[in-house]
Every structure is written in structure tokens, then in C-alpha cells.
Amino acid sequence: MLLCSGLGHAVTWLPFGPDGGDARSFASDPHDPQHLYLGAVNGWIFESRDGGKAWRRLARVGKRDDLVLDNIVVDAKNASHIIVGAWVLGSNDGGLYVSNDAGLTWTSNAGMAGQSVRSLTASSSDPKTIVAGTLKGVYRSVDGGTKWQLISPEGSHELHEVESIAIDPNDPKTIYAGTWHLPWKSLDGGENWSSIKEGVIEDSDVFSIIVDPTKPNVVYASACSGIYKSENAGGKFKKIQGIPSTARRTRVLMQDPKHLETVYAGTTEGLFRSDDSGVNWVRTTGPEVIVNDVYVDPTDSSHVLLATDRGGVLFSRDRGNSFISSNAGFSARQITSYVADAQHPATVYVGVVNDKEWGGVFASENGGLSWVQESSGLGGRDVFSLGQASDGTIIAGTGHGFYRLNGAMWSRSGDGPAVAVAQGKQVGKKVRPAGRSPVAAARLSKPDGTIGSKGVKTQPFDGSVYAISRSGDTLYAATSEGLMASGTAGERWGRVAGADKQGLLFVSATKRTIVAGGLKSVIFSVDDAKTWAEMKLPDTLTQVAGVAADSSGAVWVGGREGLFVTRDGGASWEGLKNLHIHDVNSVFYDGASERVVITSGGANTIVFAVHIPDRSVKFWDTGWNLRFARPVGDHMIGATLFDGVVIQPQMVDSAEISAKSDVSTRSAKE
């Protein structure tokens, strides 16, 4: 009999980092420059009340996680009224979203639904006039963003894909539009447009346009071909030569509101500053910093913030001459992997992708409540998997092989002597190794890189490592080149004979049962990897998304059609009738609690756990879309799609819950 019970519905699971990730845009309360808003790439908008030192989540705009929030406009007369322009990476989708309660709740503007909004600004002389640039053209609202009208020629082959917008500070009808081709200008609110490309290199993407608030004839524009300045309101531009690389893309230009001769250029290779209106430039950050937006405090020019790719928010108190990370409360990380220290359960590690030097691995000594980066030696590599050897060594699987954590430094596994496992002999669908087990072969590897007496040399493994599991002293890894094993705490790895199926993504090892799979197939062994067989999958399962072997020898497989279990090597499969779940994206066996933990994609925010002895089911509504969930002692931690980790509330003390749960619960419902 299958039993079900629900737990943990009262409070949504709480986000705790790791801090950082992709930050896209700033906006400030016009009445309080310390009150800031921050847009991210995952649909979230954040808020700071202390000038960007710390952040808190406000809401997921549009109730989706794929919106890039590149433009935020706060009403100059009513700071509770906020408009956000959004677009979707790799799509023409997006929209305009409106809040009337300072960002707590959001509604989609029906007239702009589905528009990929790439630029948005309000007139400083008439705040009710707002102009938006989309892939289709230029739109204008004259009632504060309620109704919108296309003001560029409909279907134009010239004036579309509008990446930047600026409005003359004295005349709301004078509008500048920068496209993926060249800049344009209208003097009559969009009734007529003229190309203002003189001096601009042909086919230049115009990323940013700013107009000097006291000298409207002075216009700056940044493009893929460099930075330009016009002193006759766009009649003619002259390329600024201060930034040497024309390949460098300047995503944003910003003037210091108190010292207009100071201009900041946020580029894909760092922040540049000019103190003489663009004549000379100095780079104030390293070239690895990709700047998406710049905020200069209108009351204190020394206070500068950067919104960056991967590094999140950077904070300066000296006009951008130096920066420190300022991401407390801001997390937009893609967590891909997790391991808990077997000897110290509160010590956990997570791996991230797409963050280069700012990513890699993060470690926590308090169950995920706070994190420190542990990435020295990884060289900015994406981490797809994590595991722990029987001697306690943490192993990372990357897109370029294996790494071991030694103290605070990662070192490459397999450099020097490598391991090759002797080829097995095919016997029907099973493979029987001709010689010792993979572990024995690994132990007998010679210093010169040979195996036994056969003199077989191999190169260090440089493929992708997608999953790591351990049984006893043996580590198993699902890789792009088949199943690999190590009996030397991850120092050397060998290909497992008979398990060389390409493109393995999953592996689970429990006692003598090892199961590994790719999207369309699963192989398994019940004798410590001595022999292997291909498992017949459920007829209704179209694609594998997760596998697990439990201590009883049963194998669990999940995918779009649900969760299935077999006790006879795939000869027959059973679906759990009282567990209604689809779009399974992870399956994990928790040996300490004798349960299988399952998460699913789509709009599902529930974690399920099947207790093996009696097949009872418990579930937790986390409030988040998860990649996977794992136990931390007697609690649970979840990896979100784009928002770092979230933790089961009962693990957190009352003070932390009171500080976070109201925001998290409210946001998850929106």
C-alpha cells in the first residue's frame, strides 16, 4: 500500500545564495537615492535600502524565470509606480510589466504583451511620456505607461531592433533611437524619423545613447564599433579614440549627475571613465569584468555601482577607482551539483556553471546558510558534478576532466600516469572483463602511464564529467566518453570495461549495484562492475532524466512520463500509482533515510520522497522550481534553476525566517 503525507506547506523554502551571478540593470527612487532596484536575468527584481550594500528579493516579474530585466523606470512623481521592460534570450518574447506597490506585485501590460523590450526611458521634462524600443520598433506612452502606440513606421526594414532610447531633457518629442544597424532621431514625437548616421561606421549596433541634461546638443552613443560623440544634437558624430579596442562592446554610457564632464563607459572588457567629456579614458577595473549597467549616486559622485555578468553587483566609494563585491542577498546562480561531507554533514559543496572565474565551487560549513567560493585551480571551468572519495577528498567533474580539492586548491586528476581498463569480451548483451576489475587495474597503474605488463599508454581524460557516485572505495563517473572508475580517491581514473557507452549523464552506485544512463538508454551491473547489461526501459518512457539504485537492488528511472521502478533489471516496471508526478528532472537515493528523493520541472515546485521499506510518500511544497533536492542531516536543500540554493525552513532559526520568509513566500505566489 502506498501512503502519502504532506509536510512543510506553511513557509516557502528560503534562498541563501551563493551570492552573485548575472546582474543587468539599476534604477533608483527619485526621492531616495539609497533606495535602489536591481533587475536580473531570471525574472527577479531585487531591492536595496542602503545604496546597494545589501539586497533582498522583491518579486519574480511575470511569474517566469526567463525574463531578462534590462530596463527599470521609477515614476518621478509616484515612486510606487514602476515599469520594467523585459526580453527573453534566444527568443522574440518579452513584455512590459507594471507595479503600483513599489515592486511587490506586477501585472503585464496587455498592449505590449509578447514584445521583446530592449530599451525603455521616461522623459525628464514630462514623466508621463515613456518611450520603449523593441524588436519591432519604437513605442510611446503619454499616460505614464498605460497605453502604447507604435511611433516608428510599421514593418520598417530600417527602424526596428531598437536597443537604445534617449529623450531630449527639454523636449519630450525629441527622441533618439539606436538600432542593431544605426541611430535614428525624431523631432515630432515619432511622426517622422531621420537617420543620424553621419560619422558612425556602417552597420553599427547602437547599445546606448545619452543626452547631456544641461547641453542637449551634446549626445553620446556607444556601438559595437566604438564610442561616438555629437555636439550638434546628432547631426554629426565623431568617434572617440580614447578606448583603443573597436571590438570591445560598450553596453552602457552614464554621466555623473553632479559632474557632467565625467562619463562612464561600461564595456565587455571592464569599466572606463573619462573626466574630460570623452577626450581621454582610463580603465578602472580588470578586463574580465563585463559591465551591463552603471549607477552613479546623484548626491555622492564617489558612490558608483556596476551590474555585471557573473560577478553580480560591484560597489565603489572612490568614483570607480576600486570596487568590492556587494551581493549580500542577491543570487542568480545556476547550481548543477551538490555533495555533503560524509564526516561533517553541515559542510556542503555546490557546483555552478556559466560563471567562469566567479563560479566553480562554493562551500558552506553551516548547511547552506552562508557560502564561500572554493574555486582556486579550476581555471573558470564549469562544474557539472561533485562527489566525495572514501578518504574524504572532494572531487569535481568539469567540462575538461576531473579535479580534486587539496586544502583550498583544486588540482587536475589524471595528469601524469593515467589509467586504462583492459577491454572486456562481448558475451551477448553482457560484457565480461578480460582481467582485473577497474579498481584493481587502477591500483596497478605504473608511474610511466602503463597498465600491468601490456604497456598501454593513455592520455589524461579531458571530456565532460556529468555525474559522480561512490560505492565503498570506488568512485564511478558518468562522462561524455562512457563510464569511468577510480579506486585511488579520484587521483587516477579508468574506463570501465563493458560500460563505454558514449554520452552518459547519470550514475548511481549502491552496494554492488551500479546503474548509469544517457537520454535514451541505461546500463547496469549487479556484481561490482564485473559484468554489464543494457536495461530495457519502460515502453512509455521517451527520455531518461534521472536514475537511482537503492539498497535493495531496485532501479528507479524518471522522465517526462513520470517515475518508474524495477526489481528485475528492467524485465518489468512499476509506476507508483499514488505518486502523480510528471517531468521528472532528478532522482536520488538517500541511503541514510532509505528514501528516493524526486523533483520535477515545469511549474511543479514539490519535492517528493518515497520511503523504500513501506513505499510511503512524503512531499514538500518548496515554492521554487528545482533542479534537484538533497538531504542535509534531517533537513533538505534544493537547487533552483537560476536562483542558487533554497533551504527547508525548519533548518533556519526564527530570526532568519522572520527576515526572509515574508518576502520569499509572497514572491513565490506572484
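The following dialogue examines selected features of a predicted model and the criteria behind each description.

Visitor: How do you know which parts of the model may be described?

Guide: This is a predicted model, in which local features need pLDDT of at least 70, side-chain atom pairs count only at pLDDT 80 or more, and totals for chains, interfaces and linings use all residues. Residues are numbered from 1 along each chain as its sequence is written, and side-chain values use heavy atoms, with hydrogens and water left out. pLDDT is the predictor's confidence in each residue, from 0 to 100. The chain has a mean pLDDT of 88, and 88% of its residues reach 70 or more. Over residues 415-457, however, the pLDDT is below 50, and it stays under 50 over residues 654-659. Where pLDDT is low, the predicted coordinates should not be read in detail.

Visitor: Why is Ser 586 called buried?

Guide: Buried means under 20% relative accessible area, exposed means over 50%, and partly exposed lies in between (1.4 Å probe, protein chains only). Ser 586 has a relative accessible area of 7%, and therefore counts as buried. Its place is in strand β55, residues 584-590; strands (E, at least two residues) and helices (H or I, at least four) are DSSP runs, numbered from the N terminus.

Visitor: What makes the link between the side chains of Ser 586 and Thr 599 a polar contact?

Guide: A polar contact is a pair of N or O atoms within 3.5 Å; within protein, one must be able to donate a hydrogen and the other to accept it, and residues adjacent in sequence count only if both atoms are side-chain atoms. The Ser 586 and Thr 599 side chains are joined at 2.5 Å.

Visitor: Is His 35 buried or exposed, and how do you know?

Guide: His 35 has 3% relative accessibility, so this residue counts as buried. His 35 is placed in strand β5, residues 32-40, and its side chain makes a polar contact of 2.6 Å with the side chain of Glu 47.

Visitor: What makes a group of residues a nonpolar core?

Guide: The term denotes a set of buried Ala, Val, Leu, Ile, Met, Phe, Trp, Tyr and Cys residues joined through side-chain atoms within 4.5 Å. The largest such core has 25 residues, and those with the most contacts inside it are Phe 26, Leu 38, Trp 55, Phe 330 and Val 607. Strand β5 gives the largest share of this core, 3 residues. Contact means heavy atoms within 4.5 Å; beyond four places in sequence, the contacts of Leu 38 include Phe 26, Trp 55 and Phe 330.

Visitor: Why is the pair Arg 512 and Asp 528 called a salt bridge?

Guide: A salt bridge is a side-chain nitrogen of Lys or Arg within 4 Å of a carboxyl oxygen of Asp or Glu. The N to O distance between Arg 512 and Asp 528 is 3.4 Å, and the pair meets this rule. Arg 512 lies in the loop between β47 and β48 and Asp 528 in the loop between β49 and β50, so the pair ties together parts 16 residues apart in sequence. Arg 512, at 44% relative accessibility, is partly exposed, as is Asp 528 at 31%.

Visitor: How many salt bridges does the rule give?

Guide: The count comes to 24. Among them is the pair Arg 64 and Asp 66, with the closest N and O atoms 2.7 Å apart. Arg 24, Asp 70, Arg 251 and Asp 309 are linked in a network of salt bridges.
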